[in-house]
Amino acid sequence: MAEQHAQLVVIGGGPGGYAAAFLAADLGMQVTLVEPEANPGGTCLYRGCIPSKALLHVARLINESREAAAWGVNFSPPSIDLDRLRSWKEQVVGQLTGGLGQLVKQRKVNHVRAKAAFKDGSTLVLTDADHTQHILRFEQAIVATGSRPVSVPGFETTGGHVWYSRQALDLSEGPRRLLVIGGGYIGLELGSVYAALGSEVTVAEMMPTLLPGVDRELVRFLSKQLDRGFKDIFLKTRASSPKVQKNGIKITFDHEAADSTTRLFDKVLVAVGRRPVSSGLGLENTSVKVDDHGFILTDDQQRTADERIFAIGDVAGEPMLAHKASYEARIAVEVIAGMNVRYEPAAIPAVVFTDPEIAWAGLSDAEAKSEGIPVQVTRFPWAASGRAAALGRSEGLTKLVIDPESERLLGVGLVGPGAGEMIAEAVVAIEMGANVTDLSLSIHPHPTLSETIKEAAEIFHGTATHIYRPKRKK
Ligand SMILES: Cc1cc2nc3c(=O)[nH]c(=O)nc-3n(C[C@H](O)[C@H](O)[C@H](O)COP(=O)(O)OP(=O)(O)OC[C@H]3O[C@@H](n4cnc5c(N)ncnc54)[C@H](O)[C@@H]3O)c2cc1C
């Protein structure tokens, strides 16, 4: 077996792995990136963040063309050319992953197209597509193998009727009746795409609300919108017993508060969560430890229990988000480079790219309550925003969670169009330790939705311009 050597090997070329490989090369390390795909990108670029956002952009365009009638502008109903839409989405993915491939070459990262498995704590076996194996000895390794979708028992053997996010993003067809199992962000984003393309979308979620774990006050706005765009949303409902028939796939719904029902669909999208890719990596041949969910355990420097091996991204724990993976990549590489850094973000933003978008960062009022942290919450409804009115989108909310003593901003929640872009201001403010006065004295451009953050800060002092909220007497 041929033998190679790497100062640093990065296993997996997603937003965790390629960010780590690039930074390490920039810092002068000799880097090998092991990733089976021709170019880096991982789940995020090939079958996650990027293709889903490209399709959501089109979905928004379709929906806006329908809404324009209210402003006196009439478009004909959209005619959808699925082949062209698919090739546009593939072009976006190809452009970005191809660009990453160029950066691999420019940085002289040694990209090996193979799957890696540990033989021991300093040796990997690399197996390429035609099963040829190589040995790679390394000084340090970063595991960034990401995650894969969780399946639902009973839904594995139903052939082409069952999709996971990857198949839904393939856009092979537009099913007339689509069932989405799981009301999390992936199910709702992809359900929104297919609803805009003309499918009748039904969502079944076991929990009592959509987006379990997200601030209810924000989710309410989205639920109202989805009630209009989706055929049905079944909460407290378990989908089971799939039966393939000539005319579709029959599903049984076990509702908590009603008798079971059955319905026929053309496709079922299973979107019930993701699990880390930590098995099959030979971790048992190292001292690396994994928890009960399969996440690799690390310290706050991304170091595993095996001192030469680091882990980042989805495989290293929640939240499973691309920007968290890239942030951890920086920590791991800087630690390897001898810098004294730690993973201690004050806020990790999260965005649900539905319409309206939901975005949050830092502490929520529900978390503050459950942890007994005293907070004051200010709310600025978008009904009072000039920009929201000009967009015809006055339904939205900006919420600030504030420490009443220091007046520091602890958390922000947003719902409305563009919330995903706006949340970045909140992250910077929380990281910089800004207080409400810093926010209210920072001039925000008019007319923008960002002004709702400034006005929500002014509410704290009872001085918001576009809404009357006198300061509460102590
Ligand atoms: C439909 C969908 C939409 C999403 N939307 C968003 C979003 O809008 N924003 C966001 O922040 N996140 C989003 N995510 C989540 C995001 O994709 C992940 O959090 C992110 O990709 C994690 O990055 P990673 O580097 O940890 O792993 P991944 O991107 O999963 O990359 C892991 C890589 O490791 C490789 N690999 C696996 N095993 C081996 C092995 N043994 N040897 C070599 N290579 C291996 C794989 O081929 C893969 O390329 C979305 C996910 C999905 C499915």
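Me: How do the residues lining the second largest pocket divide into nonpolar, polar and charged?
Reply: In this predicted model, the lining of that pocket divides into 13 nonpolar, eight polar and 10 charged residues.

Me: Which residues of the lining lie nearest the centre of the second largest pocket?
Reply: Leu56, Arg60, Asn63, Thr354 and Asp355 lie nearest the centre, out of 31 lining residues. The elements giving two or more residues to this lining are helix 3 (49-67), helix 6 (185-197), helix 7 (216-229) and helix 11 (419-431).

Me: Which helix gives the most to that lining?
Reply: That is helix 3, with nine residues.

Me: Why is the link of cysteine 44 and cysteine 49 called a disulfide?
Reply: Good one! The cut-off is a pair of cysteine sulfur atoms within 2.5 Å. Here the S to S distance is 2.3 Å, so cysteine 44 and cysteine 49 count as a disulfide. A search of the whole structure finds one disulfide.

Me: What is the handedness of the link between cysteine 44 and cysteine 49?
Reply: The link is left-handed, with -130° about the S-S bond.

Me: Why is cysteine 44 called buried?
Reply: Buried means under 20% relative accessible area. Cysteine 44 has 11%, so cysteine 44 counts as buried.

Me: And what makes cysteine 49 partly exposed?
Reply: Partly exposed lies between the 20% cut-off for buried and the 50% cut-off for exposed. Cysteine 49 has 28% relative accessibility, so cysteine 49 counts as partly exposed.

Key:
Residues numbered from 1 in each chain as written. Predicted model: local features only at pLDDT ≥ 70, side-chain atom pairs only at ≥ 80, totals over all residues. Heavy atoms only, no water. Buried < 20%, exposed > 50% of the residue type's maximum accessible area, 1.4 Å probe, protein only. 1 Å grid on protein atoms, 1.4 Å probe; cavity = no way out; pocket = protein on both sides within 12 Å on 5 of 7 lines; lining within 4 Å. Helix = DSSP H or I, 4+ residues; strand = E, 2+ residues; numbered from the N terminus. Nonpolar A, V, L, I, M, F, W, Y, C, P; charged D, E, K, R; others polar.
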